[in-house]
Amino acid sequence: MPQIPEKIHELTVGQLAARSGAAVSALHFYESKGLISSRRTTGNQRRYHRDALRRVAFVRAAQRVGIPLATIREALAELPEERTPTREDWARLSQAWRSELDERINQLNRLRDHLTDCIGCGCLSLDTCVLSNPDDVFGERQAGSRLMVERGGGRSKQAQS
């Protein structure tokens, strides 16, 4: 990994990619989503402040545990003057995200446990179909054949939520 001299306060996108392990395209994507920022040189090249390394590490760590980018962006925006996250920031945010992750884990465990109950028929109307129709939400509204009309736009209401 290339070392960046301490006197250099800005990184090119290539240097940031090499140091962070993120692809250049990922860095451009992060920037388009407001997760990191750069300034442009007179030649229209991106230059990132050195603290972008920590922000990219923060984003990638949060992504690895399943935190959506929108949630990560909100967390970074809450930091004073959009400063680089500290260890204390990570501890506070990860504690807040813990309940969300626990709920996702519980949901995945329930899906795994009910996997053998589903034959994958796509009926969407059986009250026991916990994969396609959790808690029989469609059965409470209408019969299964009515659901086909709702899908006219290409996505069912279940897929939209």
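Phe 58 is buried in this predicted model, with a relative accessible area of 6%. Since buried means under 20%, Phe 58 falls within that class because its 6% lies under the cut-off. Trp 97 is buried too. Trp 90, by contrast, is partly exposed, at a relative accessible area of 29%.

Let's see how these residues come together. The structure holds three aromatic pairs. A pair of aromatic rings is described by the distance of the centres and the angle of the planes.

| Ring pair | Distance of centres | Angle of planes | Type |
|---|---|---|---|
| Phe 58 and Trp 90 | 5.2 Å | 85° | edge-to-face |
| Phe 58 and Trp 97 | 6.3 Å | 55° | tilted |

Where in the chain do Phe 58 and Trp 90 sit? Phe 58 belongs to helix H3 (residues 52-64), while Trp 90 belongs to helix H5 (residues 87-114). These two residues are 32 residues apart, and their pair links distant parts of the chain. Trp 97 also lies in helix H5, so its pair with Phe 58 ties together parts that are 39 residues apart in sequence. Through ring pairs, Phe 58, Trp 90 and Trp 97 form a cluster.

Now for the strands. Three of them make an open sheet in the order E1-E3-E2, with antiparallel pairing. Strands of a sheet pair through backbone hydrogen bonds, either parallel or antiparallel. Strand E1 (10-11) and strand E2 (39-40) are the edge strands, each pairing on one side only. E1 is joined to strand E3 (residues 46-49) by two bridges, and Glu 10 stands opposite His 49 in E3.

How values were computed:
Residues are numbered from 1 along each chain as its sequence is written. This is a predicted model: local features need pLDDT of at least 70, side-chain atom pairs count only at pLDDT 80 or more; totals for chains, interfaces and linings use all residues. Side-chain values use heavy atoms; hydrogens and water are left out. Rings of Phe, Tyr and Trp (its six-membered ring) pair if their centres lie within 6.5 Å; planes under 30 degrees apart count as stacked, over 60 as edge-to-face and the rest as tilted. Helices (H or I, at least four residues) and strands (E, at least two) are DSSP runs, numbered from the N terminus. Buried means under 20% relative accessible area, exposed over 50%, partly exposed in between (1.4 Å probe, protein chains only). Two strands pair if DSSP finds at least two bridges between them.
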